[in-house]
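Here are my notes on this one, as numbered points. Have the model open while you read.

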Amino acid sequence: MPQRLAAYPRTSPTLEPPDLADAGKRARLSGPALRAFFNIMTRWGVRDVDARMLLGGMTSGPYYQWKRDPDRVLDVDRLTRVSLLVGLFKALHILYSDALADRWVHMPNTNRLFGGATPLEYMLRGGLPAMLTVRRLLDARRAG
């Protein structure tokens, strides 16, 4: 009797982003996302003042509370920012060695997009739209 192979589970793959308006989903994602953010900032050697700006600009007090206790629910804007940075981190580590990937945000870049500035300077100056642009750039490089 021929052996029967197990079938793949029926799933409907979706490219739909999570519904960040749903507080329950944000609650599930926020703590791990914030811990990842602080780990990435450490790996990249980003100063706290710049990390606060990447989060959309926040004062020192709440920032250091978050750093001590990242288990909280982020708003949509901050969760989106963190998600973009996690994606940048992943893309950089796919494209480059770990050492280069972690230095990349601090390296002056000759790409017309950056105009000789570092990617970090570009993102700090341009905020969320600039972060989206850098993410798209790296995703395009990954795709070849």
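1. Arginine 43 comes out as partly exposed, at 42% relative accessibility (buried means under 20% relative accessible area, exposed over 50%, partly exposed in between, with a 1.4 Å probe and protein chains only). Its partner is aspartate 102: the two form a salt bridge whose closest N and O atoms are 2.9 Å apart (a side-chain nitrogen of Lys or Arg within 4 Å of a carboxyl oxygen of Asp or Glu). Arginine 43 sits in helix H1 and aspartate 102 in helix H5 (residues 98-103), so the pair ties together parts that are 59 residues apart in sequence. Aspartate 102 is buried, with a relative accessible area of 12%.

2. Before going further, a word on provenance: this is a predicted model, where local features need pLDDT of at least 70 and side-chain atom pairs count only at pLDDT 80 or more, while totals for chains, interfaces and linings use all residues. Residues are numbered from 1 along each chain as its sequence is written, and side-chain values use heavy atoms, with hydrogens and water left out.

3. How many salt bridges does a search of the whole structure find? It finds eight. One of them joins aspartate 71 and arginine 35, at 2.5 Å, N to O. Aspartate 71 is in the loop between helix H3 (60-68) and H4, and arginine 35 is in helix H1 (residues 23-44), so this pair ties together parts that are 36 residues apart in sequence. Aspartate 71 is exposed at 52% relative accessibility, and arginine 35 is partly exposed at 36%.

4. Another pair is aspartate 139 with arginine 142, at 3.5 Å, N to O. They are three residues apart in helix H6, so about one helical turn separates them. Aspartate 139 is partly exposed at 28%, as is arginine 142 at 39%. Salt bridges with shared partners link Arg135, Asp139 and Arg142 into one network.

5. Helix H6 (residues 119-143) has 25 residues, yet its end C-alpha atoms are only 20 Å apart, short of the 36 Å a straight helix would reach at 1.5 Å a residue (the expected span is 1.5 Å times one less than the number of residues; helices are DSSP runs of H or I, at least four residues, numbered from the N terminus). A kink of about 140° lies at glycine 127, shortly before proline 129 (the bend is the angle between axes fitted to the seven residues ending there and the seven starting there).

6. Finally, the packing. The buried residues of H6 include Tyr122, Met123, Gly127, Met131 and Leu137. Its buried residues pack against helix H2 (48-54) and helix H4 (76-95), contact being heavy atoms within 4.5 Å.

Notes
Helix = DSSP H or I, 4+ residues; strand = E, 2+ residues; numbered from the N terminus.
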